[in-house]
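Subject: Structure handover

Hello,

Here is the structure I promised to pass on. My notes follow below it.

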Amino acid sequence: MEKQMEDEMGKQMEEKRKIGIFTTLLSVVIAFAIVLVLFYGLNHLIMGMQGLPLNMDLTPAG
Amino acid sequence: MHGNLARMFTMSLLLTLLFLGITAPVQAADPGVGDIADRIAPVGRVQLTGQPPLEVESEAAAQEAEAAEPMAAPRPARSDYPDIGVSSRAIVWVLAQLHLFFGALVLAVPLFVLIIELVGLFTGDERYDDMAHEFMKISLTGFSITAIFGGSLALALFMLYPDFMAYMMRVFGAQWLVYAGLFFFESFFLYTYYYGWNAFRYGNLKWVHLSLGLMLNASGLTIMVLANSWATFMMAPSGVNEVGAVVGNIWEVMKGPLWNPINLHRFIANIAFGGAVVGAYAAFKFLSSSDPEKRAHYDWMGYTSNFIAILAFLPLPFAGYWLMAEIYAYSQQMGITAMGGILAWLFILQAVLIGTILLAGNFYLWAGMSRTDGSERYKWLVKFIALILVVTFLIWITPHTLMLSASEIAQLGGTHHSILGPLGIMPAKNIAVNLMLIVTFLSFQLYRRSDKVATVRWAPVGNALMVAIYVVAIANIIFLGVYYGYFTNTVYKVGSSVAQVASTLVVIISGIIIDALMFKNAKTLPSHWGRIPDRAQYALFALPIAFTWLMGLMGYVRSSVKTHWHVYTVMKDNSPDNFIPTIAYAGNMITLVTVLFLLCLLFMFWVANLSETRQVKPVAAGESA
């Protein structure tokens, strides 16, 4: 009985750890995606403000 | 963006000027030529017996016509410059630079002292108040030294460059009196601020004291921007025509195209410089004390000074970039003289000095991490930061062309090395500078985090976001520099540098915001002030030395871009020194003023220390103790 409880707790801990890793990984992926989009937009904005438009692939459009 | 910034800055300066009420004296002190002519009868206008009557009407008309004709800038001959047997330029160079060093110091210290005093007021921690008072005590002697060098400089200029000074007097007119008048304001606020510190310490009186500090800074900054207008008028004259005759009012003369870039650059640089100098004082006191309590106090003071110096230093390259961009916009020839001709070599020295500052600043932060046990979490990152700093430093100091003999050029196949050549141009330098600033901010952020443990639930998300910002910003800076710098046209190359700066600023601003939110109500780990290796204090000595040398160097570059003009394109310099000297000569002069400044600084520290010393009353022979 005691061993069964220990196994159950171990499983739960393992599950939590997996969820923790998954959450962290997801946070990192989402954070990178958001930041990439922000910097992509920043490049367009700053270059556009100086009269130097860019194409979607960031090559000069002028 | 530059335009908006310039407008905002101009507006704030205008408000400062209006606040001090100096526009009225400018107008009042200029009654106009016609009024004086009406009041004073011309001497010698008498009719002699037997002579025809004088044609007063036509003479008056001629005088009026003459008055209406603006006077061109003088064209002095070589013989018009007094020869005292020593280079006039060298004398003025030393005096001007020493005046500027001390001026920068005494303008900067009250700025951050006021902020520290405010922090003390809001936190209720009297240690801040005491530290701010001590900072003021150190700089107090500096005000007198600044005035001594300023007076000596003025006398030297009037004696050695009389025509030039006469022209400057004519162009700026009553502004000179306003400038002199501001010293009365500054002295009044300085002495009441310093000596009233303990008298106005609590309650409403504290606000009186803070107001005195504010007015001290307002006077100091107005003095600075007025003096800046003379330097920028000499570089990029405005309010005068092509022969130097004044055609605009005083405001049009002052607000030349380089005025605000210089104002901003000097404002920021002065704070960084002031922080570095008082940091050296703290290091000196730390090393010379064996009392643990005093060591803890001066360790904290040194940390605060370094914090001020590095924080002000981070945006400084961007202000410098704006100044250079405006110089190029005003005169491409002037820009090329600075960054593409003989003076370009000095930018390599500049890179060495800035690299020294960043390495010393980072080293101090890493050494300071030993104050808390929580820093163990971040120490593994230090070696990577050091690696990036060293690599980018080496890229920054790589020259574009090399000084080679004919045989070496033949061996190399040209003056450009195939690998080092591409690293010698601006895109590579821009990447290096931005990465150095980013990793310096990372050191700073890690230091700030080392004695805290975040308690907010979203801390892992905040950390993930911060890591993403660092990684993407660094990748973006490298992409912008390499792609637009080497594979597109020049316009895109220059434009992309603004985006690089924006990327760096995003890291700094987002880092400050995320940390402020994430470490609100954080668990604080104990910090042991005074627990820092002695060698870290030498980094605090390195900072002011490098800053002083750097200011001397870049001040020389700024002044030399005028080449053989007193006032660029309108008044030629015809003195025996009207040429850009060799790099070696300039280097020696800059070193000389740096050493002289450091000696004066030691005197300043000694005087500050002297006030704490009390001689023990000698016991007369025969008297028992």
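Leaving aside its neighbours within four places in sequence, which residues is B:Phe273 in contact with? They are B:Ala104, B:Leu105, B:Ala108, B:Phe547 and B:Met551. Please keep in mind that this is a predicted model.

Confidence

The model has an ipTM of 0.81 and a pTM of 0.81. In chain B the mean pLDDT is 88, with 89% of the residues at 70 or more. Residues 17-34 of chain B have a pLDDT below 50, and in the model this stretch makes 21 contacts beyond near neighbours in sequence. Where pLDDT is low, predicted coordinates should not be read in detail.

Chain A

Chain A contains one helix and zero strands. Its C-alpha trace spans about 75 × 15 × 5 Å along the principal axes. The radius of gyration of chain A is 23 Å, whereas a compact globule of 62 residues would have one near 11 Å. Buried residues come to 13% of the 62 in chain A.

The two chains meet through 16 residues of chain A and 19 residues of chain B. On the side of chain A that touches chain B, twelve residues are nonpolar, four are polar and none is charged.

Chain B

Chain B has 23 helices and four strands. Of its 625 residues, 40% are buried. Among the contacts in chain B with a separation of 6 or more, 81% join residues 24 or more positions apart.

The largest nonpolar core has 165 residues. B:Phe273, the subject of the opening question, is among the residues with the most contacts inside this core, together with B:Ala272 and B:Leu543. Helix 5 (residues 88-123) of chain B gives the largest share of the core, with 18 residues.

Helix 13 of chain B covers residues 316-330, which is 15 residues. From its first C-alpha to its last, helix 13 reaches 21 Å, close to the 21 Å expected at 1.5 Å a residue. The buried residues in helix 13 of chain B include B:Leu316, B:Phe318 and B:Trp322. B:Leu323, B:Glu326 and B:Ile327 in that helix are buried too.

Is B:Leu216 buried or exposed? B:Leu216 counts as buried because 26 other C-beta atoms lie within 10 Å, and the cut-off for a buried residue is 20 or more. This residue lies in helix 9 (residues 203-235) of chain B. Not counting residues up to four places away in sequence, B:Leu216 touches B:Pro110, B:Glu186, B:Phe189, B:Leu190 and B:Tyr193. B:Pro110 is 106 residues from B:Leu216 in sequence, yet their C-alpha atoms are 7.5 Å apart.

Why does B:Gly530 count as partly exposed? B:Gly530 has 17 C-beta neighbours inside 10 Å, and a residue is partly exposed when its count falls between the cut-offs of 12 or fewer for exposed and 20 or more for buried. Leaving aside neighbours within four places in sequence, B:Gly530 is in contact with B:Pro292, B:Arg295, B:Ala296 and B:Asp299. B:Tyr298 is 232 residues away along the chain, and its C-alpha atom is separated from that of B:Gly530 by 7.8 Å.

Regards

Methods: Residues are numbered from 1 along each chain as its sequence is written. Chains are lettered from A and ligands numbered from 1 in the order in which they are written. This is a predicted model: local features need pLDDT of at least 70, side-chain atom pairs count only at pLDDT 80 or more; totals for chains, interfaces and linings use all residues. Two residues are in contact if their C-beta atoms, placed from the backbone, lie within 7 Å. Ala, Val, Leu, Ile, Met, Phe, Trp, Tyr, Cys and Pro count as nonpolar, Asp, Glu, Lys and Arg as charged, and the others, Gly among them, as polar. Helices (H or I, at least four residues) and strands (E, at least two) are DSSP runs, numbered from the N terminus. The expected span of a helix is 1.5 Å times one less than its number of residues. The radius of gyration is taken over C-alpha atoms; the globule rule is 2.2 Å times the number of residues to the power 0.38. A nonpolar core is a set of buried Ala, Val, Leu, Ile, Met, Phe, Trp, Tyr and Cys residues joined through C-beta atoms within 7 Å. pLDDT is the predictor's confidence in each residue, from 0 to 100.
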